[in-house]
Each structure stands twice: as C-alpha cells, then as structure tokens.
Amino acid sequence: MGKVFTLAEVSQHNSPQDCWLIISGKVYDVTKFLEDHPGGDDVLLSATGKDATDDFEDVGHSSSARSMMDEYYVGEIDASTIPMKVKYTPPKQPYYNQDKTSEFTVKLLQFLVPLAILGLAVGIRFYTKST
C-alpha cells in the first residue's frame, strides 16, 4: 500500500503539467500519459478532482490499459474524504388518478344519456298527444 492522499490533495494536481486521477480507490499520476492517451488529454483533465472510477469503467478499458496503470500509481485515496453519492429521490406528489375521474364520468354519462333520451321521447309523446 502506498501513501494515503485526501481528495483535497489529489484535487490540486489538475493541470496538463501535473495531473492525478482517482480510480478504484487508488491515485495515479497520469501527467506523462496525457499526450499518449487515445481519448485525448481533455478526458483525463476533466476527471481530476473527483472519483473517476465510473468514468474509467464506462469506457471499457482493455486489460492492457489496466495493466499500464501500475506504472502511474502513486498511492491510495482516503475514502472518507470523497463525498458520498446521493441518490436523487423526487419529492412525494399527491396521488391523482386521472383514470378514476374519467371512469366516473363515463359511468355517469352511460346513465344520464339514456335517461335524457327517454325524457325527450316522453315529452314528445306527451306534446303530440295533447294537440
């Protein structure tokens, strides 16, 4: 196990002349690799100052790329200095079921429409009979 660094210490190494990354709890000085990185130096520089493990894993690096990392290893990260990822949970919303309202309206119309037709028929019958 190498030297243990805090996130603040590693974050200070964030330039093309001095670039350190945190990947899987380990700290790497990738300054000499910036020019040779297939994805360009911007990718590495944008990953400084944070835990870059997800960024590294999402790309799907080869086993040879992973073995290359050993030569850039400088130490470990103090995990307690890395902020925990907070999972976003949306605020609770009042429950409103649009379908129940529509269902009630449909049932009401199924009752009222035939009743209105019946009332109209009775009214017409009554009116025509009395004249």
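Me: How do you know that strand E3 and strand E4 pair, and in which sense, parallel or antiparallel?

Reply: This is a predicted model, in which local features need pLDDT of at least 70, side-chain atom pairs count only at pLDDT 80 or more, and totals for chains, interfaces and linings use all residues. Residues are numbered from 1 along each chain as its sequence is written, and side-chain values use heavy atoms, with hydrogens and water left out. Helices (H or I, at least four residues) and strands (E, at least two) are DSSP runs, numbered from the N terminus, and two strands pair if DSSP finds at least two bridges between them. E3 (residues 18–23) and E4 (residues 26–29) are joined by 4 bridges, in the antiparallel sense, so by the definition they pair. Leu21 stands opposite Tyr28, and Ile23 stands opposite Lys26.

Me: What makes Ser24, in the turn of the hairpin, worth a remark?

Reply: The hairpin of E3 and E4 has 2 residues between the strands, and Ser24, in that loop, has a positive phi of about 55° although it is not a glycine. Most residues other than glycine have a negative phi.

Me: Which strands stand at the edges of the sheet, and why?

Reply: The open sheet has 5 strands in the order E1-E5-E4-E3-E2, with mixed pairing. E1 (3–5) and E2 (14–15) each have a single partner strand, so one side of each is left without a neighbour in the sheet. Further in, E4 is joined to E5 (residues 73–77) by 3 antiparallel bridges, and Val27 stands opposite Gly75 there.

Me: What is the volume of the largest pocket, and why is it called a pocket?

Reply: The volume is about 430 Å³, meaning the space filled by probe spheres set on grid points that are joined across faces, edges and corners. On a 1 Å grid over the protein atoms alone, a cavity is a set of points where a 1.4 Å probe fits but cannot get out, whereas a pocket is an open set with protein on both sides within 12 Å along at least five of seven lines, and lining residues have an atom within 4 Å of a point. Of the 21 lining residues, the closest to its centre are Phe33, His37, Leu44, Phe56 and His61. H3 gives the most to this lining, with 3 residues.

Me: How many of the residues lining the largest pocket are nonpolar?

Reply: The lining divides into 16 nonpolar, 3 polar and 2 charged residues, where Ala, Val, Leu, Ile, Met, Phe, Trp, Tyr, Cys and Pro count as nonpolar, Asp, Glu, Lys and Arg as charged, and the others, Gly among them, as polar.
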